[in-house]
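Keep the structure open beside you as you read.

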Amino acid sequence: MNKLQPLLSSLADQSFQDIRKLCGSYHFHRFELSFIKMQGSPGANPASIASVKIALPDSQIPEHFLQAAECKLAVADFLIRRFRHGIDRFAQQNRGKDGSGSFNTIALSQKILIRDSVLFDDEAVYLRFIISLPAKGQGGGVFDAEQAWIMLSRELTAIVDATFFYQHYDQQTRTLLQQFVDVQKTRAEIIQFMQQQALVAFIANGAKLPRHSGVDDRPSLSELVKTFQSPASLQITIPLSNGRSITGMGIKEGITCITGGGYHGKSTLMQAILAGVYAHIPGDGREYVVTREDAFFIRAEEGRSIRDVDISPFISDLPNGLKTDCFSSDNASGSTSQAANIIEAIESGSRLLLFDEDTCATNFLVRDELIKKILDAAQEPIKPLYSTVRSLWKKQRISMIFVVGGLGYFLQKADTCLLMDNYRCDDITAKVRDRLGAIAEEDTPIPDFSLSRRLAIDNFDPAYINRRLNKTLPKRIKDLRNAPGQLEYGMDLINLDAVAQIAEAPQILAIGYCLLALRAQLNRLGDKPETIRFWIDWLEDKINKQGLDILKPDYPGTLSMPRKYELAAAINRIRSLRIVQE
């Protein structure tokens, strides 16, 4: 602090760009502040990046919370949320020109994710945060040193003190930290049990599945919400290492159908299942809804780009001689996009596919008897998914979960049939078999997708040509504030709106830097093309071992870890994607 205060004073009322002189580290009582990235204009987006460092002995966070990887992740998630709470509690925001003079964190979802905002080493914990130093005056403004000193000496000190020092936590806060750790430990044991018992999903009794709204993922506050209760026939009890156990519904591998009337909870259950690939914070209601990590939600996606995908298992040759064994389109239809989404998901390693009838192309799912009377088989190139689901399961062990309200065909194919009735879940498998007969098997040839498309080395060029200014930027990687499901990467605009299991915007930004890392490695390998699966596995392993910092983002502390399946989805939606033709 002794070093920082005179430096701030020397910059008082100077051009705001001069704050870049603050880059460096400063010692406060019990923590160290570092300015990592400084923006030279007030209200800049992104703003500046700073970090605080606290010695672990000073924090007194219990050592046993930091031993297992899943527990350390829980602590990291707790700390960034605690820091966010401290900002809301102690900081006066937007005190300066153009909204400057503010603290912030990255956008946080209901999920517990690997992020580069909180890091641990053997001696200290580091937290990176967003800061906009204050400006005042006309035009571009000048630096407001007085308010900056208030921000750093009073407000930041209070935020850090409330965030990191366990000895200052009240009992409620200590209990909450314990709950974060317990959620992670229990979830790890549930996953282990699921692997042993060949389960694809587990929904704990007492889970609260409905959400606040379609655009708000927080739990519903309605007093009418019913908690989940497993049907007796599917109920399992998972023993836990602490002597307790957890009970709920286990969904086995194979084909599962969820049916029921409108507004009875079918899609709510599906949304919980697709979100179950992530851990959830205490109080979310879905803490113990766990889905196998390779689950991927499949939907129709009209207008998307497809590059050299073999969709022939589902769609035969199209009019005008258009072949489907190496299909490309800049404007895919509902059926071709859904076929490509399935192939690409399997190609990326997923063996658990999720479908909701409401977001599917009906002509891709089924072909009913009436349309068969009107259209000859030769006039319809689509081989409906209904005719291949059992073959996909039997020959490639691809499990599927369907939500169906108007298409009973899939009930004929299902190993497990669930009925949602006023948010109550019933097992109606025996009833379905009694009324519809035995499972309708088929024997459709299914090719192996695992060794399919290989990436050309000149993919993922990050350069951006601004034709209006006649200027080329060597790199543009940018998520869009007004279009949170889209990523600007080089000259490409990658639309990820339909990729349902992206949990928060920092994952989209991380996908951009993943593409940059892949480009560098592709160039190193030269003329040795590898599959998309090879590359996403390679990068996932590298990040798991070394952390998100290997992506070298322009603004450290702003990334959340994406799953490799969403990374593959982004790759497959790049309109400039180049595949090696063999």
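Helix α14 gives the largest cavity four residues, the largest share of its lining. The model is a predicted one, and a search of the whole structure finds five cavities of 30 Å³ or more. The points below take two of these cavities, then a pocket, then a helix pair.

**The largest cavity**

- The space inside the largest cavity comes to about 70 Å³.
- Its lining consists of F296, N341, E344, A345, S348, Y565, A568, A569, N572 and R573.
- Two helices, α7 (334-347) and α14, each contribute at least two residues to the lining of the largest cavity.
- By class, five of the residues lining the largest cavity are nonpolar, three are polar and two are charged.

**The second largest cavity**

- For the second largest cavity, the volume is about 50 Å³.
- Around the second largest cavity sit L209, P210, K226, T227, F228, G265, T268, L269, M420 and Y423.
- Six nonpolar residues, three polar ones and one charged one make up the lining of the second largest cavity.

**The second largest pocket**

- If you are looking for an open site, the second largest pocket has a volume of about 1500 Å³.
- It is lined by 49 residues, and those closest to its centre are L73, L113, I114, N544 and M561.
- At least two lining residues come from each of the helices α3 (69-90), α5 (171-197), α13 and α14 (564-572), and likewise from each of the strands β6 (118-120) and β17 (289-291).
- The lining of the second largest pocket holds 28 nonpolar, seven polar and 14 charged residues.

**Helices α12 and α13**

- The axes of α12 (residues 505-525) and α13 (residues 532-546) come within 11 Å of each other and cross at roughly 115°.
- That angle makes α12 roughly perpendicular to α13, because angles of 65 to 115 degrees fall in that class.
- The crossing of α12 past α13 is right-handed.
- On the α12 side, the contact is formed by C514, A517, L518, Q521, L522 and L525, which meet W535, W538, L539 and I543 of α13.
- Nine residues of this contact are nonpolar, one is polar and none is charged.

Terms used
Residues numbered from 1 in each chain as written. Predicted model: local features only at pLDDT ≥ 70, side-chain atom pairs only at ≥ 80, totals over all residues. Heavy atoms only, no water. Axes fitted to C-alpha atoms, helices over the stretch in contact; angles between N-to-C directions. Parallel < 35°, antiparallel > 145°, perpendicular 65-115°, else oblique. Left-handed = near helix turned anticlockwise from the far one by under 90°. Contact = heavy atoms within 4.5 Å. Nonpolar A, V, L, I, M, F, W, Y, C, P; charged D, E, K, R; others polar. 1 Å grid on protein atoms, 1.4 Å probe; cavity = no way out; pocket = protein on both sides within 12 Å on 5 of 7 lines; lining within 4 Å. Points joined across faces, edges and corners; volume = space filled by probe spheres on them.
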